[in-house]
Amino acid sequence: MARSQQSSQGNWHLRKLGQYLRPHWRQVALGTLALLLVNLVGVRIPLLIRDGIDELQVTFSFNRITYYAVVVLVLASIMWGMRMASRILIFGVGRQVEFDLKQRIFQHLLGMEPSYFATNTIGELISRATSDVDNIRRLLGFAVLSLVNTLFAYAFTVPVMLSLNVRLTVVALAVYPVMLILVRLFSDRLRNQQLRVQQSTSRLSELIQEDLSGISLIKIYAQEENERRAFAELNDTLLDANLTLARTRNTLFPLLGGLASISLLLILATGAGAIADGALSVGDFIAMVLYVERLVFPTALLGFTITAYQRGEVSIDRVEAILTSTPKIVDAPTVQALPSETVSGRLEARNLNFAYPDSKTPALNGVSFTIQSGETVAIVGPIGSGKSTLANALPRLLDIAPGQIFLDGQDITDIPLADLRQAIAYVPQESFLFSTTIKNNIRYGEPLAELPEVRHAAKLAQIAPEIDNFPKQYETIVGERGITLSGGQRQRSALARALMVEAPVVVLDDALSSVDNQTATDILNNLKTGTQNQTVLFISHQMGVAALSDRIMVVDQGRIAQIGTHDELVRQPGLYQQLWEQHKLEEVLL
């Protein structure tokens, strides 16, 4: 059963390799043709040398020596040129497949939902998109060239050797079955050890990526020594994995090379007697020696080829695990384009339910509401009550079932994702900025926007005066994840980026938590007065700012507990009244 599974898995790997190579079949065919010519010429040269030696034993002539030398030189030059062409072509295919795979992986990852990246670490994904793809490139370059060359070498050389002398051929090739048995014995061990190396590399890459991203936190908590120990432990594991693999390789390869050389010794010992008995001419003997020499190198190289293949198999599994993962949030077959020029921004939820995987308690339970176009609605409630889940559900960052959320009366699951997300400008709790200028960050959704438009968005987000005080103003590089900016500056820059696209709906998921109340109030007033027809959902713990909204939704334990204006809710006994009283008490204490 295990052997059958291994055979099936091996066939699957070969099919995958065929799929990778299919778009480049012409280049593969030309490279294979070049290798065919190389081996045909390579078989002809020893026969030519044989003819020359046998002829010159009978009648020595300088002209004949010159003739044979020139012909051998011409054939060797042709062989060299064809070999170079085969390497350029086949190695080039490896590079093309590397390019294709990286494009496919990146394209596929762009289509995955955010929850995918919560269960698959960034370091691991980066390792697969770089190191593993590089291994596949080596497999499709070096390994394919080596295997094809070895097949041609044996296919053309062995029949000619048999035609010269069957006994010497059998003696010369007697050790080769032993070599194949060695290769079979070491194959599984090499594969498992290579898998361990790849996994250790991924874990080390993940640690490096996390530590560099959180370097400020490491320094704040003085955890440099702990991180050094963690890195040393993973690095030691990787070293051990590499050394184990190296010991196996350095055991196998010399054995293969030694066995290949033994065949040459056997033919020398046996051939001398055949020449003495007159059963073999000197020319035939020299040709046999040259043919054995032709087989020694590709046979000895078989060990390297097997290692490349084993490494490539592991990497194919790891890369295909990404490419075969199915996005959960995709366009339905029945989607209808959203007429962006007529979207008013009316939102409606009808008995909205959602539960996270492996969670026994629903994050949203029977949520229903209607938000009119142009309305500003604040969403408040305790931590963990479902506010962020609701915010993520609107642009379908979560896998929401059909018939629960509607935009302008159209089910959001029937709207193309691109159209839906262009209609909803979403600013999450964590404001991510790219390591480029603040201008490029703000105009990320509108890359061709001019500076006046960028300034206007920055003004609405209350970040313009601070940008003007930067030495390079809008050309200031914000650093990795916006590290050169304060938390409030990052949040307002992210808000400016959302306002830049002028979407009909703006969703702020506690996006001003690092901004003082006065600034947050000014921003909300700008949104209410400056965006005209935009619908604004404002999730916040800042009760004073939330009170400025047209209406307030109070969420508790995944349900809408209360809904109304501030004046209405503050007079009603309930959660909002408690939150408001707590807010007033905090103001007094501060």
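**Close-up 1. D408 counts as partly exposed because its relative accessibility is 30%.** Partly exposed lies between buried (under 20% relative accessible area) and exposed (over 50%), with a 1.4 Å probe and protein chains only. D408 sits in the loop between strand 4 (405–407) and strand 5 (410–411). Its phi is positive, about 55°, although D408 is not a glycine. Most residues other than glycine have a negative phi. The model is predicted: local features need pLDDT of at least 70, side-chain atom pairs count only at pLDDT 80 or more, and totals for chains, interfaces and linings use all residues. Residues are numbered from 1 along each chain as its sequence is written, and side-chain values use heavy atoms, with hydrogens and water left out.

**Close-up 2. Q473 also has a positive phi, near 50°, and is not a glycine.** Q473 belongs to the loop between helix 16 (464–469) and helix 17 (487–500). Helices (H or I, at least four residues) and strands (E, at least two) are DSSP runs, numbered from the N terminus. At 32% relative accessibility, Q473 counts as partly exposed.

**Close-up 3. The largest nonpolar core holds 41 residues.** Such a core is a set of buried Ala, Val, Leu, Ile, Met, Phe, Trp, Tyr and Cys residues joined through side-chain atoms within 4.5 Å. M161, L252, I267, Y291, V292 and L295 touch the most other members. Helices that each supply at least two residues include helix 2 (25–58), helix 7 (176–213) and helix 10 (282–300). Helix 9 gives the most, with 11 residues. L252 touches L182, F186 and L190, leaving aside residues up to four places away in sequence; contact means heavy atoms within 4.5 Å. Another core, of 36 residues, lies apart from it, and V427, I438, L508 and A511 are among its members.

**Close-up 4. Helix 9 has 53 residues, and its end C-alpha atoms are 77 Å apart.** At 1.5 Å a residue the span should be 78 Å, which agrees. The expected span is 1.5 Å times one less than the number of residues. G278 follows helix 9, with a positive phi near 80°.

**Close-up 5. Helix 5 packs on helix 6 at about 135°, with the axes 6 Å apart.** That angle makes helix 5 oblique to helix 6. Angles under 35 degrees count as roughly parallel, over 145 as roughly antiparallel, 65 to 115 as roughly perpendicular and the rest as oblique. Axes are lines fitted to C-alpha atoms, for helices over the stretch in contact, and angles run from 0 to 180 degrees between N-to-C directions. Helix 5 contributes V158, M161, L162 and L164; helix 6 contributes V166, T169, A172 and L173.
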